[in-house]
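This report works through one protein chain, beginning with the chain as a whole and ending with single residues. Please keep the sequence and the coordinates at hand while reading.

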Amino acid sequence: MSIDPPESPEAALPVWVSADEVEDLLDESKGLLRRNGDAVLQQVPLGPLRKNLSATVDALQQLFAEVSARGGTLPLKEAQLSFQITATGGVQLIGTGQVQGTRAITLVFRQ
């Protein structure tokens with residue numbers, strides 16, 4: 001059995017996020033100019049991202065299990081969902097009305 005070393009507090013993943021969101025996190029006195037929704041490469045902390053993505057996947061798997069248990073003539077065989085990662089490590093599922101012009105990661109759950 002191997003034990004993984006503890007994650008360093010600085011552990012992060014470079015992710016393209018909304019420039020508007022990053023600006024909202026920064027102190028306004030730094031004088032950043034608004035970029036009208038452009039993406040910027042941001043170091044997203046792995047701890048919150050791991051926690052939020054795990055919670056989201058756990059909730060989705062429970063939901064899919066309930067839907068799948070219903071059976072019927074057209075049982076659930078596959079589900080595809082898109083999500084965005086926020087600058088703080090949050091996970092936001094994307095509804096169909098928001099998909100246009102949005103950068104997203106797609107999860108595919110297959111039975």
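## Surface and overall make-up

The protein chain exposes about 8,300 Å², of which carbon and sulfur atoms supply 53%. The model is a predicted one, and every value given here is computed from it. Of the 111 residues of the protein chain, 22% count as buried.

The secondary structure comes to two helices and five strands, and these elements follow the pattern β-α-β-α-β-β-β when read along the sequence. Among contacts between residues at least 6 apart in sequence, 64% join residues at least 24 apart.

An open sheet of three strands has the order 4-3-5, and its pairing is antiparallel. Strand 4 and strand 5 are the edge strands, each of them pairing on one side only. From one strand to the next, the twist averages 35°.

Strand 3 and strand 4 are joined in the antiparallel sense over three bridges, and Ile85 stands opposite Val91 in strand 4.

## Helix 2 and what covers it

Helix 2 takes in residues 46–69, and because its 24 residues should span 34 Å at 1.5 Å a residue, the separation of 34 Å between its end C-alpha atoms agrees with expectation. Just after helix 2, Gly71 takes a positive phi of about 65°. Helix 2 lies across strand 3, strand 4 and strand 5, and runs at about 35° to strand 4.

The buried residues in helix 2 are Leu49, Thr56, Val57, Leu60 and Phe64. An α-helix has 3.6 residues a turn, so residues three or four places apart point the same way. In this model, the cover over the buried residues of helix 2 includes strand 1 (12–18), strand 2 (39–45), strand 3, strand 4 and strand 5 (105–110).

## Thr56, a buried residue of helix 2

Thr56 lies in helix 2 and has a relative accessible area of 17%, so Thr56 is buried, the cut-off for that class being under 20%. When residues up to four places away in sequence are not counted, Thr56 touches Val91 and Leu93. Val91 is also the residue of strand 4 that Ile85 stands opposite.

## Thr86, in the loop between strands 3 and 4

Which loop holds Thr86? Thr86 lies in the loop between strand 3 (78–85) and strand 4 (91–93), and Thr86 counts as buried because its relative accessibility is 7%.

A polar atom of the Thr86 side chain lies 2.7 Å from the backbone nitrogen of Gly90. With residues up to four places away in sequence left out of the count, Thr86 touches Val17, Glu21, Val44 and Gln92.

Asp38 has its place in the loop between helix 1 (19–25) and strand 2. At 41% relative accessibility, Asp38 counts as partly exposed, because that class covers values between the 20% cut-off for buried and the 50% cut-off for exposed.

Although Asp38 and Trp16 are 22 residues apart along the chain, their C-alpha atoms are separated by 9.4 Å. Leaving aside neighbours within four places in sequence, Asp38 is in contact with Val17, Ser18 and Ala19. Val17 is also among the residues that Thr86 touches.

How values were computed:
Residues are numbered from 1 along each chain as its sequence is written. This is a predicted model: local features need pLDDT of at least 70, side-chain atom pairs count only at pLDDT 80 or more; totals for chains, interfaces and linings use all residues. Side-chain values use heavy atoms; hydrogens and water are left out. Helices (H or I, at least four residues) and strands (E, at least two) are DSSP runs, numbered from the N terminus. Buried means under 20% relative accessible area, exposed over 50%, partly exposed in between (1.4 Å probe, protein chains only). A polar contact is a pair of N or O atoms within 3.5 Å; within protein, one must be able to donate a hydrogen and the other to accept it, and residues adjacent in sequence count only if both atoms are side-chain atoms. Contact means heavy atoms within 4.5 Å. The expected span of a helix is 1.5 Å times one less than its number of residues. Accessible areas come from the Shrake-Rupley method with a 1.4 Å probe; for residues, only the protein chains shown count as cover. Two strands pair if DSSP finds at least two bridges between them. Axes are lines fitted to C-alpha atoms, for helices over the stretch in contact, and angles run from 0 to 180 degrees between N-to-C directions.
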